Amino acid sequence: DVTEIEEKEAQAKQEEQIMKEQELSNLLHEKRYLRALGLAISLDRPHTVLMVVKAILKETDGRKHLEENIVRLRKDQKEAVLGFSVTWNTNSRNCHEAQAVIETLLKHEAPDNLLQYSGIKSAVESLLPYT
């Protein structure tokens with residue numbers, strides 16, 4: 001009978017999720033945006049990533065801080081943020097944040113690097129009608 005083992009594993013996963021959520025909340029409160037972005041991306045939370053981007057943009061010199069944080073992300077994290085931005089861009093309430101992220105990626109990534117992103121073709125196709 002493996003029911004008890006499976007319950008313990010599920011409980012451990014739930015506890016880990018709660019700990020990560022609390023850590024994310026603390027990072028946002030402490031304005032440690034790079035770690036907050038990384039954690040929100042690893043949790044696969046597009047809305048939370050959007051909230052972090054909005055918080056960064058509200059700061060003095062927000063665009064500059066956004067660029068600094070996005071440039072420091074790993075390639076897989078940048079791919080995720082690009083994918084999230086495609087979705088954000090379709091909503092007029094979030095399109096400015098999406099455009100800021102896209103502008104940063106286009107400005108700081110070489111075209112050859114962008115072509116290596118997974119799903120770049122569909123992302124560009126999805127961005128064109130709304131951009």
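Helix 6 (95-108), helix 7 (111-115) and helix 8 (120-127) each contribute at least two residues to the lining of the largest pocket in this predicted model, where helices (H or I, at least four residues) are DSSP runs numbered from the N terminus, as are strands (E, at least two). A pocket is here an open set of points, on a 1 Å grid over the protein atoms alone, where a 1.4 Å probe fits and which has protein on both sides within 12 Å along at least five of seven lines, and its lining residues have an atom within 4 Å of a point. The largest pocket holds about 210 Å³ of space, the volume being that filled by probe spheres set on grid points joined across faces, edges and corners. Its lining comprises 13 residues, with Ile 102, Leu 106, Ile 120, Val 124 and Leu 127 nearest the centre, and helix 8 gives the most to this lining, with 4 residues. By residue class, the lining consists of 12 nonpolar residues, 1 polar residue and no charged residue, where Ala, Val, Leu, Ile, Met, Phe, Trp, Tyr, Cys and Pro count as nonpolar, Asp, Glu, Lys and Arg as charged, and the others, Gly among them, as polar.

Residues are numbered from 1 along each chain as its sequence is written. Because the model is predicted, local features need pLDDT of at least 70 and side-chain atom pairs count only at pLDDT 80 or more, whereas totals for chains, interfaces and linings use all residues, and side-chain values use heavy atoms, with hydrogens and water left out.The chain has 8 helices and 0 strands, and read along the sequence it follows the pattern α-α-α-α-α-α-α-α. Along its principal axes the C-alpha trace spans about 55 × 35 × 25 Å. Of the 131 residues, 36% count as buried, that is, with under 20% relative accessible area, as against over 50% for exposed and in between for partly exposed (1.4 Å probe, protein chains only). Among contacts (heavy atoms within 4.5 Å) with a separation of 6 or more, 57% join residues 24 or more positions apart. An unreviewed UniProt entry places the feature "domain: U3 small nucleolar RNA-associated protein 13 C-terminal" at residues 21-131, an annotation that may be inferred rather than shown by experiment. Over residues 21-131 the chain is 76% helix and 0% strand, with the end C-alpha atoms 33 Å apart.

In soluble globular proteins, nonpolar side chains tend to be buried together. Leaving aside residues up to four places away in sequence, Val 49 touches Leu 37, Ala 40, Ile 41, Val 81, Phe 84 and Trp 88.

Ile 41, found in helix 2, counts as buried at 11% relative accessibility. Beyond four places in sequence, Ile 41 is in contact with Val 49, Leu 73, Gln 77, Ala 80, Val 81 and Phe 84. Ser 85 lies in helix 5 and is buried, with a relative accessible area of 0%; not counting residues up to four places away, Ser 85 touches Ala 98, Val 101, Ile 102 and Leu 127. In helix 4, the buried residues are Gly 62, Leu 66, Glu 67, Asn 69 and Ile 70, and the buried residues of this helix pack against helix 2, helix 3, helix 5 and helix 6.
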